[in-house]
Amino acid sequence: MIPHHPESAQIHLENVLTALGNPTRLAVVRVLADGQERSCTALLRDQSKSTMTHHWRVLRSSGVIWQRPAGRENLLSLRREDLDARFPGLLDAILSATRSDALTDASTAWGERS
């Protein structure tokens, strides 16, 4: 089963900002920003399956990530092209701000629980 992904035109700013407003989801986006596709189990190793599923659903339904089945797991990637087309500069500004903000950096440290 392929999960629902909104079309590019259906990606709304308020949904993207809500998705990125959670430190765990923001940390996932920071990792995916390198352009690599990653398995969902490699991203949130210390989270329960239900918590991971919730985060993936929020990121996917807001249009922030692509999620595709690959064997027994799902692979995730950032929808950078769609996000940049809909909201030019937004993702870069958010990622840049999190790199230069010590408080955000600490709250999105890898392995932190939300």
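Two strands pair if DSSP finds at least two bridges between them. Helices here are DSSP runs of H or I with at least four residues, strands are runs of E with at least two, and both are numbered from the N terminus.

With that settled, the model. It is predicted, so local features need pLDDT of at least 70 and side-chain atom pairs count only at pLDDT 80 or more, while totals for chains, interfaces and linings use all residues. Residues are numbered from 1 along each chain as its sequence is written, and side-chain values use heavy atoms, with hydrogens and water left out.

The chain has seven helices and three strands, in the order α-α-β-α-α-β-β-α-α-α along the sequence. Of its 114 residues, 39% count as buried, meaning under 20% relative accessible area with a 1.4 Å probe, protein chains only.

Strands 2 and 3 pair over six bridges.

Is Leu76 buried or exposed? Leu76 is buried, at a relative accessible area of 0%. Its bridge partner is Gln67. Ile65 is eleven residues from Leu76 in sequence, and their C-alpha atoms are 6.5 Å apart. Leaving aside neighbours within four places in sequence, Leu76 is in contact (heavy atoms within 4.5 Å) with residues including Leu32, Cys40, Leu43, Trp56 and Trp66.

Last, the core. A nonpolar core is a set of buried Ala, Val, Leu, Ile, Met, Phe, Trp, Tyr and Cys residues joined through side-chain atoms within 4.5 Å. The largest one has 24 residues, and Val29, Trp56, Leu59 and Val64 have the most contacts inside it. Elements giving two or more residues to this core include helix 2 (23-32), helix 4 (49-61) and strand 3. Beyond its neighbours within four places in sequence, Leu59 is in contact with Ala19, Arg25, Val28, Val29, Val64 and Ile65.

Methods
Buried < 20%, exposed > 50% of the residue type's maximum accessible area, 1.4 Å probe, protein only.
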